[in-house]
Every structure is written in C-alpha cells, then in structure tokens.
Amino acid sequence: MTTAGGAGQADALLGSAIVRVAGPAGPVGVGFLVAPDLALTCAHVVADALGAPRAQVSAPTGVLTLDRPLSGASRQVPAEVEHWVPLRADGTGDIAVLRLRTPVEGAGALAMAAPTSVWDHLVRVAGFTAAFPGGVWHAGRLRGWTAENWVQLSGSDQQGVAVDRGFSGSPVWDEEAGAVVGMVVAAQLSGDRQSFVIPTRTLIAEVPALGPLLSPASPFRGLAAFREADAEVYFGRDPEAEDVAGLLDGGARSRVALVGPSGCGKSSLALAGVAPRLRARGYEVLVVRAAEGLPVRTALAAELARLGGGAPGPRELEEDLAGRGLAAVARTALGDRAGRLLVVLDQAEALLAEGRSGDDGSAALLFPEAHPAGLRVLLTLRADFLEAALAHPVLGPALGRAAVRPLLPMTRAQMSEVILRPLARIPAVSYDPGLVSRMLDDAGAEPGALPLLGFVLARLWDEQAMGRLRFASYEEIGGVRGALGRHAEAAWRACVAEADEEEALRLLTALVRMAPGGEAPLRGVLSRADAGEERWRIAGLLAERRILVVGGDAERGQTVELAHEALIGAWPTLARRVARDREFLTWRAGFRRDLDRWEELGRPRDQLPTGAPLDAAVAQTGLRGDELSAREREFLEAGLARRAEEAAQVRRSRRLRQAGITLLAILLAVAVLASWQLYGANEKLDEDLGRGASPQLAQLASRLDDVSLTTSALMSAAAYRTAPGPQAETSLFEQYLRTRHVERIVLEGSGEVRDAALSEDGSRLTLGLVGGDVVSARPGSAGHEPGVIMRNARLATASPDGRIAAASSFLGAADRGRPRGGREPPHHRAARYGAVPGERPARHRPPLRRLGEAPARRRTGRGGFRLGSGVLAAGRRPPRPA
C-alpha cells in the first residue's frame, strides 16, 4: 500500500512519465514513457491522431507530437511508430510503441509490475479529455480477468470522474504494488461505466521486445553465482576477466588456476567473465561443477553428451574418456566445435571433500603431459584449501601444470560497479538517495562481503516500490551484514514446524560437509533418495524461500544444496548446528573417504572398516543412523558383517581349540594310565630279571676276586643292588671282609705277582711279576702310578730304602757290576742294576738279599701288602688286642 510519502513519489513519477499524444488535429489520448526515448500507448490512439482507420493492420506513417503537461514542462517531442499491434475484431491487440526522435531529458520511466492477483487493488489513471485537456484523474478498483486477457476496472469514487474518451493509453498505477500494472484500453461510456485495462503480462505477450522494459528481470543473482547467460549483467571484474582470458588464449600456459578466498567471486568470474570472452573467440565451453559430487570423468561425459545432442550417450563417452582422452572424445561428440575447447572446473575444492584416495584419471584428462593444442582448462579453488589441494592426486598435478592466478577481494570502486551498473540498463528502477554509499560502507573490504551484498541487492529488487530500491527496505531486512541471517531465520520459522524441527536440523547437517583434515566447512549436495521424503519436503519449503537450491542430474536424480556457503556463517541456526556437529562432520568426512576408496578398489573385503574405525562409526551413528546415505549405510553394514563373521570364526576357532585341548587331555590321561600300567609291568619284569641276574653277578664277583679287587667289589655291589638276595648279600659281605683294611689299590691288572720287597719305612714297594717285569710302587702316595724298573728279569732283592733293586736272569744269577767295555747307557744300567726310573742310584750298594721263590707277605710296622693273582693292596693292620 502506498503511504503518504509514497503517494507524493507516485505523483512525481506519473507526472514525469505521462505524455499527451497529439496529431495534426490536436490531443487525442495518453501515453507513458517506458524509456527516455520510448513511449507506450494504444494503437487506436495513434490511428485517431494520424487520421487513420482504427482497424488498420499496418502501422500508419506520420509524426506524432508528445508533451508532458503534468510535469510542468512545455517542450514537445516528435515521435513515430516503432511497434504496431492493430486493433483486432475481437477487441484484442491495440498496442503501439512510439520511438521519440530525441530522448526526454530528466524524464522518469515508469516501472511496471505483473502481480499474480490484483483483485480489489486501488488504482489511479490519468486522462486528457475534451472537458479537461490539461489532465484529470480517475480512482478505481481492479477486478478480475476477461476473455480478451484484460482486467476490469471499476470506479471507486461515485463523485469522481469516470473513464471517458481521452483516457486510452493511460498507465494504471497500482497503489498496493507501487508500480504500473497495465494500460487503459477501453471504456463503457454509458450505463455502469466500466473500463478495461491491458495488464502488463498481456502487453509483454503481444510485444515481447517490451519485456526487458516493462517487467525487467532482476539483474542481481542473490547468492547464486553468475553464469555465462548472465554476462550482460555481470560487472566489476572486467580487468580480471580480460587478464585470465588472455592467459588462456595466448599465454605461455593454456591451463589456469583461479585461486582466491571464499566469497570473492571466483565462480562468477570464470563463468560470466572468462567463458563468454573465450566463446566469442571461437571456443566451445564445458562447465564441470565439482561441488555436485560427481567424478570429473562422469561430469565431463554428461556435459559432452548434452552439448553433442545425446549421441553417443554419457556412459559410452565416459568409457572412451578413460581410454582415448578428452580431446579425442570431444571431437567425437562435438565434431569441429571441439577444435577449440575450454573446460571450466568450478569449485575444485569439493574434490577434497569427496575423499577419493587415488587418481581417478581426472588429472590426466584435464592436464595431460602432452597438452592438445586446442584444449584450455580453467579451475577455481578456495585459497584456504590450496595446501590440501597440492597433496591431492587430482588437484596436485593440476596445480603443478597450471598458471596460478590469485583473485583478490573487490575494491570499493568494483563494488560500486556491482551496485550501479545493472540498474543503468533499467531506466525505470533506481536507488533511493544515499543508499549506495551506505551499502558500500557496510560491505567494507572483507572477502566474504560480495555474496552478502548480492543477496541484499536481490532482496531490495524484490522489495522495490515505485521503481525505487528503498532505504527503508534496506534497514528493514538488516543491511549487508544482517540481511542473509535474518532472511534465513525468518524462512526457518515459517517453514519448519516445531514437530519437524529435529528432522530439519538433521537436514542442515546433511547439507554441510568437511574436507578430510580440513577445518573449513563446505556445502554438500544431498539427493532426494538420501534425504528421505520428510526431509525432502522441508527442503522444498526452504528452497521456495531461496535458502536452498533444488537441482538434479541423471546420475542421482533430484538434489538439494545450500544456496551459498556464506549461509554457513551468516545463518545463526545453521552455524550453531555446524558447531554442535563438527565432530560428527569430521568423522563423516573420513568415513566417506574410506567409502570412496573401497568403491574405487572394487569393494574388497580388506578395505571394510574394522577395529577402532568401526567402533568410531558405531559410536557416531548410534543415535543418528538414519542420517547416513544409502552408500554410507551399506559400507557400515558390510563392516559390521565382516566383524560378525570374524567374531564367529574366532568363536569357532576357540571351540575347536577347546575341543582339541579336551581331546589332548583325554589322550594324555589314557597315555598316563597306559604308562602306569606299563610301568607296573616293566617294574615286575625288572624285578624278575634282577632276581635272575643277581646270583650271576655274585658268582662273577667271586671269579674276579683274584683278577681285580675293584671289579669284584663293584660286581658284588651290583648284585646286591639288582636284587638283594642271599647270594648277593654273601658276596658283598665277603668283599667287606677282604677290603676292610684296604686303604687303596696300589697295582691291579698287570699280571700275577711273583716277588715283592718292601722298604724298611714302608714307603716303597718293589714287585716282580710273573710276566718278567720288575716294577716299583709307593703304597702311601696318592696319585702315584707304579713304574717299570726292568723287563724280562726276576726280582732278586731291593735295598732297604727301596731305591735299588737287584734282578737276576731266569737262571737265578744276580749281577751288581757294570757292563764290560765301557760306560753303558742309563737305561742299560737301570736294567742291570735295578735303579728306580727317575732316581739316581745310591753310591752305597747294600748287599743283595735273595727272597726266595714265592714269599707270601712282608710287612714293615703297621703297613702291609697283599699279593694275589695280579692284585696288590696296601693297608694297615688293626691293632692287636693287649
């Protein structure tokens, strides 16, 4: 509704734009300026002014005179017909567009609107009638539509002037819309005095060229990036666009990476600035938006199929891309148009959030080592993802082979172009005084201000009144810094009922994602299948408020995403949700990366989540499993199935191990029992064998008594230990009796002793053996071995000290003298004189004494010896009783 101030503005606008149409005979009707050099009126008004028939089909020739009496200006301007829609028999048509020979300086063009409904809207119209040639006003109310696509106009003031001749061609000012909504075309001159209006919609339908003037589309894109089709309304980046286009078309490198902070306009520059310039130079343009989530090769194939008309299809082209490369496949799909090809990879940072673990061939497609001559590649990348991009298998090689062009935030002068230049093409719309400066001050120089400014401009356009983007509207929506957040919160309150709030919050979480290892959140793309019908219904409501954007593709069907990443920080509800779910979003980024790797490798079992990652997935999705997409749910369920199978296998292994242990225990018990029984049987057998062997050992000990005292004693002991029977006990006792006085065995096993001589002190013993050896021994010296004195002789006697022995031949003669013929070798002397080996013979030679054939014993003091069959034992006689 037009306010008092607004009514005054309406008076000024209408007075400046309404023209009086006159011919040679004088004024006949009304028209109004839609541009400084264009006016709109009825065809029958022009025919009447030029004296032509009203039903004339062709445009009449002649010059009309236009003036603006309601503005106070007296200057007349000549005009001629430029567009002509004749009056038809059914009353339709009747439209004429006049071209002024000179533009009217200072005149304001009228803004027009096409409201969905105008029922009962209060309107005003002006006329130049015969009674009121200086002008008169009529107030009325609009009604419904007629069959002629007119709108009925009824008088609202019974005392006012009715629509009469001289009103045709007048603009119909809608007080509620604050704009012109049509043009008066006919009136009932008697009776109820109804009149009729050609609405804006019908005017544009009859003269399409009037569309940009009568109902211009908004030149602002709000949160959406400017596309190639928006090049005519894209302003502020002309130098950068020329620079990047020059790098691509004539620079040393045919690949350019456009890197800048979020919200500085990278996508708009690439699509609305660079792409149109290269297309004008003969390039075909392919746009791949990485944020849509499709693999680069799949997106390229889809775009090639679209540009090529669908044959060959996307799947066939995708397979060809893997084998033949982009340039060859583009020639197949596009023919000669592929000779010069520009590929724009927009929002390349989204590839980082996809989490693909290996190079899927995208780098080789877009940045081959041997770059085709006609291929140009332009990618856009957020600066805060540059380090991560350098390590990425696709983006890393891309940046290494491209010229990196930084894009700085817009200056104040560039921001001013963004605000002012779009409206310079729409004369019917302007800003309130001071509004432009206020917006520039509020925007400042921060990188993220551009999307916020774009949103404000789009809102101001929607809120315009009387062709003005108003200061009051700017304050009401919250200005540059607050408009987006306020709008989003208002949309949330209007679209989300209290019962739906939890589902709506889950929807917001699904629309945001994190890059693995990154801190900055990104907007994500959610398919309808993954959202579910309830969340999709809420998404549709928010999309109507332009908070979300609905799209789609053949691969995933319908999709939805945030209108701009600026919403993540500017929308309080979403910002709180992201802060609350940051841990979940970070986990989900890594989970999706593992999922992508699993699918890339052909879904191998060893790539399924297990251990700590699976525990984390279960913990994160415990209460929000329904937020997972179908792919994520399948991946998690496969991991859980693997864990269940491994647990079952562990249980089976444990049962088998327990069964094996039990079986081994049983076998061991059986073996122990059998061993015990065998041991008992062996023990009995040993006892039987021992009882049989013990007497034989005792007999053997008796037979060895004269051979070896030691062996005989050992055999007696063995007989007793084997089986302590009577014979063994007797043999052992006999051994005891034989050896009870024996301290040590002096000589044993050398043969039977024939003769023996003991020194007076008992320390030396000289023996003559039956075999002919004469040996010397020391019974009291431990460790002393008997030594041979002479061989093949018979002991005759020994000196008292035992150091000299005399021997005789087997004839019984003894010789003490030296051998004849000189000195004899020492061993000969020892042999003849019987010197003990190792000792010098004594100078004193005691007389020899013959011992006889077989003396039994000789004792000195308590020492003694026993001669037997080769055994000599030394010991001490026990003291005799007193």
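Strand E26, which spans residues 753-758, is mostly covered in this predicted model: five of its six residues are buried. Its pairing partner is strand E27 (residues 765-769), and the two strands pair in the antiparallel sense over five bridges. Together E26 and E27 form a hairpin, with six residues between the strands. In the turn of this hairpin, Gly762 has a positive phi of about 75°.

Arg124 takes part in both pairings: the residue stands opposite Ala139 in E8 and opposite Trp173 in E10. In a regular strand the side chains alternate between the two faces of the sheet.

| Strand pair | Sense | Bridges | Residue pair |
|---|---|---|---|
| E4 and E5 | antiparallel | three | Thr65 and Pro78 |
| E15 and E16 | parallel | five | Val343 and Val377 |

**The barrel**

Six strands form a closed barrel in the order E1-E2-E3-E6-E5-E4, with antiparallel pairing. Neighbouring strands of this sheet are turned by 40° against each other on average, direction ignored. Helix H2 (residues 43-50) lies across E1, E2, E3, E4, E5 and E6, and H2 runs at about 65° to E6 (93-100).

**The open parallel sheet**

Five strands make up an open sheet in the order E14-E15-E16-E13-E17, with parallel pairing. Its edge strands are E14 (284-289) and E17 (403-406), each of which pairs on one side only. Neighbouring strands of this sheet are turned by 20° against each other on average, direction ignored. Strand E15 (residues 341-346) is joined to strand E16 (residues 375-382) by five bridges, the two running parallel, and Val343 stands opposite Val377 in E16. Helix H9 (residues 326-334) packs on the sheet and touches E14, E15 and E16; the direction of H9 makes about 110° with that of E15.

Ser254 is placed in the loop between helix H5 (238-250) and strand E13 (255-260). Why does Ser254 count as buried? Its relative accessible area is 15%, and because the term applies under 20%, Ser254 qualifies. Residues up to four places away in sequence aside, Ser254 touches Leu248, His371, Leu375, Arg376 and Val377.

Rolling a probe the size of a water molecule over the atoms shows where empty space is left. How many cavities of 30 Å³ or more are there? The count comes to four. The largest cavity holds about 100 Å³ of space and is lined by 14 residues. Val118, Trp145, Val151, Val181 and Pro199 are the lining residues that lie nearest its centre. By class, the lining divides into 10 nonpolar residues, three polar and one charged. Strand E8 (136-145), strand E12 (195-199) and helix H3 (200-206) each supply at least two residues of this lining.

**Helix H4 and the chain as a whole**

Leu213 lies in helix H4 (residues 211-214). Leaving aside neighbours within four places in sequence, Leu213 is in contact with Val34, Ala35 and Leu38. Leu213 and Ala109 are 104 residues apart in sequence, and their C-alpha atoms are 9.1 Å apart in space.

The protein chain has 28 helices and 33 strands. Of its 882 residues, 47% count as buried. Among contacts between residues at least 6 apart in sequence, 66% join residues at least 24 apart.

Note on methods: Residues numbered from 1 in each chain as written. Predicted model: local features only at pLDDT ≥ 70, side-chain atom pairs only at ≥ 80, totals over all residues. Heavy atoms only, no water. Pairing = 2+ DSSP bridges. Helix = DSSP H or I, 4+ residues; strand = E, 2+ residues; numbered from the N terminus. Axes fitted to C-alpha atoms, helices over the stretch in contact; angles between N-to-C directions. Contact = heavy atoms within 4.5 Å. 1 Å grid on protein atoms, 1.4 Å probe; cavity = no way out; pocket = protein on both sides within 12 Å on 5 of 7 lines; lining within 4 Å. Points joined across faces, edges and corners; volume = space filled by probe spheres on them. Nonpolar A, V, L, I, M, F, W, Y, C, P; charged D, E, K, R; others polar. Buried < 20%, exposed > 50% of the residue type's maximum accessible area, 1.4 Å probe, protein only.
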